Amino acid sequence: MSVRGPIFILSIDGGGSRGAIPAHVLRQVEQDAGIPIRRTFDFFAGVSTGALIASYCAAEHGSVEALARSSYSSSIMSHVFDKSLWDRLLGRVQNQPKYDGVNKRRYLEGLSPGLRINDITDKHLLVLAYDFINRELVTFKNNRGHDAAYNPLLAEVCDAATAAPTLFPPVPSSGAQRRWLVDGALATNDPSMCAIGEALSLGHVLSDVWMLSLGTGRPTRDLSQSEQDRIGRDALGWGVLGWVTNGLIEHMMGASSTVSTHQCAQLLGERYVRITGELPRKQMQLDNTTDDRVADFEAHAARWYGDHKPRIRELVDRVTMARRAWAAQTARLDSGIY
């Protein structure tokens, strides 16, 4: 055990409107299991829609109930995933992103008016974006790292982290060295491994790292062999347009999440719990915000939470015991017993 003691990380994947699922999982963890999210976790990490949730929790914007019921409601998400009147009139002839991002930025600014990333002082926050021009991962960390040095508004951080290519335009950073940023899911859709690396850089040892990781779903394995073969044969002729229209971004997100899940399980063992599950393929769309779809997401969250509730409770109890053991050891050292 290190001199820094245990660190408990909440890591949240990207997934567009499917962020409603981890939001409702956290709501149930807090209400049903009686586990206060912000008080329980030391470190919040997120990418894409997960960046919004992680930032919300780290900044203590309000209750997790309000996050799930408001930010991930059909009305709010439909407003965020919307175009201006001019965009609607011109339609696809513009050959531009599906959404202009104006409502997204306005909503984020209203959620955390004037708050900057370094204003968060009692928790660790890690948000991932991607500099697509220089092909670099951008890590926003409160009071740490070059990409937090210019202390951007939290709205800017979340706007950049959720700028999914083809859906939203890139976001220019406000730092002296301007970066053009897009969704961090292009680098990895699961920030868990990055969070572990950050914990180690803070002085924690691997045996002190504990993690609850929340996913946003993977497609149900419901295709027959003949259907899979048909898609595979079609893919032999896909170019850029073919891959984009057949979910290139979603494939990249899913692939990186599976790699991160494997690595975290190998490194952390029983100190790691991953919550995700299968979704019907029609529910994997990143920008489906209808009332029916949001109701589906809440139902999935309830089922996933129910399936993992004992493991979550056990993980929290074990973290609590580890913290007590570390506090007792520190007290003995301070008293000169050792």
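The following legends describe close-up views of a predicted model of one protein chain.

**View 1. Overall content of the predicted chain.** The secondary structure of the protein chain amounts to 13 helices and 10 strands. Of its 338 residues, 50% count as buried. Among contacts in the protein chain with a separation of 6 or more, 76% are accounted for by residues 24 or more positions apart.

**View 2. An aromatic cluster formed by Phe-8, Phe-41 and Phe-44.** Five aromatic pairs are counted in the model. In the pair of Phe-8 and Phe-41, the ring centres lie 4.3 Å apart and the planes stand at 35 degrees, so the pair is tilted: planes under 30 degrees apart would count as stacked, and those over 60 as edge-to-face. This pair links distant parts of the chain, its two residues being 33 residues apart. Phe-8 belongs to strand E1 (residues 7-12), whereas Phe-41 lies in the loop between helix H2 (37-40) and strand E2 (43-47). Phe-8 has a relative accessible area of 1% and is therefore buried, the limit for that class being under 20%. Phe-41, with a relative accessibility of 1%, likewise counts as buried.

**View 3. The crossing of helices H1 and H4.** The axes of helix H1 (residues 20-31) and helix H4 (residues 64-71) come within 8 Å of each other and cross at roughly 150 degrees. H1 is therefore roughly antiparallel to H4, since angles over 145 degrees fall in that class. The crossing of the two helices is left-handed. On the H1 side, the residues in contact are Ala-23, His-24, Leu-26, Arg-27, Glu-30 and Gln-31. Their counterparts in H4 are Val-64, Glu-65, Leu-67, Ala-68 and Arg-69.

**View 4. Helix H8 and the elements that cover it.** Helix H8 (residues 154-161) is mostly covered, with eight of its eight residues buried. These buried residues are Leu-154, Ala-155, Glu-156, Val-157, Cys-158, Asp-159, Ala-160 and Ala-161. The covering elements include two helices, H3 (49-59) and H7 (102-111). Strands also contribute to the cover, including E3 (124-131), E4 (136-141), E5 (171-172) and E6 (180-183).

**View 5. The contact between helices H7 and H8.** The axes of H7 and H8 come within 8 Å and cross at roughly 145 degrees. This crossing is right-handed. From H7, the contact involves Lys-104, Arg-105, Leu-108 and Glu-109; from H8, it involves Ala-155, Glu-156, Cys-158 and Asp-159. Lys-104 also takes part in an arrangement with an aromatic ring: its charged end sits over the ring of Phe-168, 4.8 Å from the ring centre.

**View 6. Positive phi values at Glu-60 and Asn-151.** Glu-60 is not a glycine, yet its phi is positive, at about 55 degrees. Glu-60 is placed in the loop between H3 and H4. With a relative accessible area of 55%, Glu-60 is exposed, a class that begins over 50%. Asn-151, also a residue other than glycine, has a positive phi near 50 degrees. Asn-151 is located in the loop between E4 and H8.

How values were computed
Residues numbered from 1 in each chain as written. Predicted model: local features only at pLDDT ≥ 70, side-chain atom pairs only at ≥ 80, totals over all residues. Heavy atoms only, no water. Phe/Tyr/Trp six-rings, centres within 6.5 Å; stacked < 30°, edge-to-face > 60°. Helix = DSSP H or I, 4+ residues; strand = E, 2+ residues; numbered from the N terminus. Buried < 20%, exposed > 50% of the residue type's maximum accessible area, 1.4 Å probe, protein only. Lys NZ or Arg CZ within 6 Å of the ring centre and 35° of its normal. Axes fitted to C-alpha atoms, helices over the stretch in contact; angles between N-to-C directions. Parallel < 35°, antiparallel > 145°, perpendicular 65-115°, else oblique. Left-handed = near helix turned anticlockwise from the far one by under 90°. Contact = heavy atoms within 4.5 Å.
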